[in-house]
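Visitor: I've got a chain to look over and would like a quick tour. Could you walk me through it?

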Amino acid sequence: MEIDFSFNKDAFQIRAVKNGEEADQYMVTLGNQIASPRTFDTYEEAQEAIDNRDWDMIACLAVSLAEHIIQRHFKKEEDK
């Protein structure tokens, strides 16, 4: 079964941030985590920041790093 999942549409959320009396700013989040320290003047600018990245490659990198860390952890446990 193939699941149609898109990091751009399904993982990231754009949230409005109240900025006092000034116009709202927008930030990108992934779940409850801030995905970028940048804030954007418009929703469209925030969406463009998401769209202009190859999230599949970034996710692959994250999974690869996590697997490496897990393997190192288990190797250290075996060496004890």
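Visitor: Does Lys-18 count as buried or exposed, and at what relative accessibility?

Guide: First, a word on the source: this is a predicted model, where local features need pLDDT of at least 70, side-chain atom pairs count only at pLDDT 80 or more, and totals for chains, interfaces and linings use all residues. Residues are numbered from 1 along each chain as its sequence is written, and side-chain values use heavy atoms, with hydrogens and water left out. Buried means under 20% relative accessible area, exposed over 50%, and partly exposed in between (1.4 Å probe, protein chains only). Lys-18 therefore counts as exposed, at 68%.

Visitor: Which residue does Lys-18 form a salt bridge with?

Guide: A salt bridge here is a side-chain nitrogen of Lys or Arg within 4 Å of a carboxyl oxygen of Asp or Glu. The closest N and O atoms of this pair are 3.4 Å apart. The partner counts as partly exposed, at 25% relative accessibility; it's Asp-24.

Visitor: How many residues apart are Lys-75 and Asp-79?

Guide: Their side chains meet in a salt bridge too, at 3.8 Å, N to O. Both lie in helix 3, residues 55-79; helices (H or I, at least four residues) and strands (E, at least two) are DSSP runs, numbered from the N terminus. An α-helix has 3.6 residues a turn, so residues three or four places apart point the same way. Lys-75 and Asp-79 sit about one turn of the helix apart, that is, 4 residues.

Visitor: In what order do the elements of the protein chain run?

Guide: The chain's secondary structure comes to 3 helices and 3 strands. Reading from the N terminus on, the order is α-β-β-β-α-α.

Visitor: Which residues of helix 2 are buried?

Guide: Helix 2 spans residues 43-51, and its buried residues are Ala-46, Ala-49 and Ile-50. They cover an arc of only 100° around the axis (taken from the directions from the helix axis to the C-beta atoms), which puts them on the same side of helix 2. On the other side, Glu-44 and Glu-48 are exposed. So the buried names to note are Ala-46, Ala-49 and Ile-50.

Visitor: What is the relative accessible area of Glu-45?

Guide: Glu-45 has its place in helix 2. Glu-45 is partly exposed, and its value is 37%.
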